[in-house]
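Subject: A structure for you to look at

Hello,

Here is the structure I promised to pass on, with the sequence alongside. Please open it first, and then read my notes below.

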Amino acid sequence: MRLEIEGLSVALEGRDILRGVSLQAEEGAFLSLLGPSGCGKTTLLKTVAGILAPQGGSIRLGGEDITGLPPHRRGVVILFQDIRLFPHMTAAENVAFPLRMRGVGRRARLEQAAKLLERVRLSGYGPRQVGSLSGGERQRVALARALAARPRLLLLDEPFSALDENLREDMRELVLSLHREFRTTTVLVTHDRGEALGMSDQVALLFHGEIEQCGTPEAVYLRPATRRAAEYLGGCALLDGEVRSGIFRGGPVALPVSLPEGRYTLCLREQMWRPAEEGPYALTVAKVRFQGRETAVSLAAADGTLFQRSFPGAVSFQAGDVLRFDLDMGEPVFFPQEECL
C-alpha cells in the first residue's frame, strides 16, 4: 500500500517532537528513517501505527485516511526492538496469534504458523517456548508473527540493534528476502547509516522532528541537500573556500566551477580521491588502521587538511609515505556558506 504522510505534527508533554513532517512511500517500497537518537523517528512510527495521536496533519494508506482510526483497524503492524513476544506461548502460538484474532481455527492457524516459521528459517521450532530461544531466534519469531497479520504496512523500530554483528547481517538479509517475497510496504527506523543505505529503496533523513532530505540511497549519500546531511552521513571532508573568476579554492583543492562568486563549502567524498602515479595532489599518510576487509587511512595535505580514504584489504604503505591522487569529482556538491551557519 502507498503511504502518504502530510504535515504531521506531534507534541509530547508540551514539547514538539514532529514538526510538519511530509513523506511518501510507494506501494511495496522499503523506506528507512535515518537520524540521530531523539530526532523523532520512533514517534513517527508510533503515530503512523496509531499508538500516538497527532496534533496536526494526515496519514493515508492506500488512499484511505487512517489518521483517526484505532490501531487495530489500520492494517499496520509495528515490530519493536524489544520484540514483545508472549512468554507463556510457544513459538508457533505466538506466530498464530494474529490468525487467532481473525477467527482462524486452531489447526489451520498452526499449519500457517509452521509455514511462516519455515520462511524465517525456524523449521521445527514451533513447539519451543520462547524463553528457550536465542535473541536472534526470538527476533525471527516476532517477524513471522508480524507477517502472519498480513499487514498493509510493516513498521520496524530498530529491530536489529540488540543483535551482534553477524546476527544483524543475517537478519537484514532475511528481512530483505521476505520483503521481496511479500512486497509489503515497509518503513525501517535506524541510526545505522550503512543499514539504511544498503537496505532501502528510499532514505529519509530526520533531524529535530523535520525531514532534512528524502531520496534514493545514492542520491542522499552522493548529493546531500545540506551540510548537516553531509556531516551526518559521514565519509566526507567539508572544505571551506571561495569562488573567484570561476575557480573554487579551498584547502589544497582548486576546481573550475560555474558558480557565482562567494564563499562555499565543498563536500568531498573519500572515494573521489583516485590513486594516480602522476596525480596533481600529493598527500602524506598520517595514520593506517587495518580493519579486516578494508584499511582506513588518514591523509594529510601540505596545509594540514586531513582526509580519510579506505582501501580494500591490507596496504603496503605506512605513516610518512607520500601518495599521489587525482580527484574524480563527478558532480561536485557545494553549499553556500550563508546556508552553513
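First, a word on naming: helices (H or I, at least four residues) and strands (E, at least two) are DSSP runs, numbered from the N terminus. On that basis, the protein chain has eight helices and 20 strands. Please keep in mind that this is a predicted model, where local features need pLDDT of at least 70 and side-chain atom pairs count only at pLDDT 80 or more, while totals for chains, interfaces and linings use all residues. Residues are numbered from 1 along each chain as its sequence is written, and side-chain values use heavy atoms, with hydrogens and water left out.

As for overall dimensions, the C-alpha trace spans about 75 × 50 × 35 Å along its principal axes. Of the 341 residues of the chain, 48% count as buried (buried means under 20% relative accessible area, exposed over 50%, partly exposed in between, with a 1.4 Å probe and protein chains only).

**Two cavities**

Rolling a probe the size of a water molecule over the atoms shows where empty space is left. Here a cavity is a set of points, on a 1 Å grid over the protein atoms alone, where a 1.4 Å probe fits but cannot get out; lining residues have an atom within 4 Å of a point. Grid points are joined across faces, edges and corners, and a volume is the space filled by probe spheres set on the points. The structure holds two cavities of 30 Å³ or more.

The largest cavity has a volume of about 70 Å³. Its lining is made up of Leu143, Leu147, Leu154, Leu156, Val175, Leu178, His179, Phe182, Thr184 and Thr186. At least two lining residues each come from helix H4 (135-148), strand E7 (153-157) and helix H5 (165-182), and H5 gives the largest share, four residues. By class, seven are nonpolar, three polar and none charged (Ala, Val, Leu, Ile, Met, Phe, Trp, Tyr, Cys and Pro count as nonpolar, Asp, Glu, Lys and Arg as charged, and the others, Gly among them, as polar).

One of these lining residues is Leu156, which is found in strand E7. Leu156 counts as buried, at 1% relative accessibility. Its C-alpha atom is separated by 28 Å from that of Arg106, 50 residues apart along the chain.

The second largest cavity has a volume of about 50 Å³. It is lined by Leu3, Ile5, Leu23, Leu31, Leu33, Leu44, Leu45, Val48, Leu155 and Val187. Strand E1 (3-12), strand E3 (30-34) and helix H1 (41-49) are the elements that give two or more residues to this lining, and H1 gives the most, with three. In this lining, 10 residues are nonpolar, with no polar and no charged ones.

**Strand E1 and its partners**

Two strands pair if DSSP finds at least two bridges between them. E1 pairs with strand E4 (residues 56-61) in the antiparallel sense over five bridges, and Leu3 stands opposite Leu61 in E4. E1 also runs antiparallel to strand E2 (residues 15-25), joined by seven bridges; there, Leu8 has Val21 as its bridge partner. The hairpin of E1 and E2 has two residues between the strands, and Glu13 takes a positive phi near 50 degrees.

E15 and strand E19 (residues 322-327) pair over three bridges, and Pro275 has Phe325 as its bridge partner in E19.

The structure holds eight aromatic pairs (rings of Phe, Tyr and Trp, its six-membered ring, pair if their centres lie within 6.5 Å; planes under 30 degrees apart count as stacked, over 60 as edge-to-face and the rest as tilted). The rings of Trp273 and Phe307 have centres 4.9 Å apart and planes at 65 degrees, so this pair is edge-to-face. Trp273 is in strand E15 and Phe307 in strand E18, 34 residues apart.

Which residues make up the aromatic cluster? Trp273, Tyr281, Phe307 and Phe325 form it. Trp273 is buried, and so is Phe325.

Best wishes

Definitions and conventions: On a 1 Å grid over the protein atoms alone, a cavity is a set of points where a 1.4 Å probe fits but cannot get out, and a pocket is an open set with protein on both sides within 12 Å along at least five of seven lines; lining residues have an atom within 4 Å of a point.
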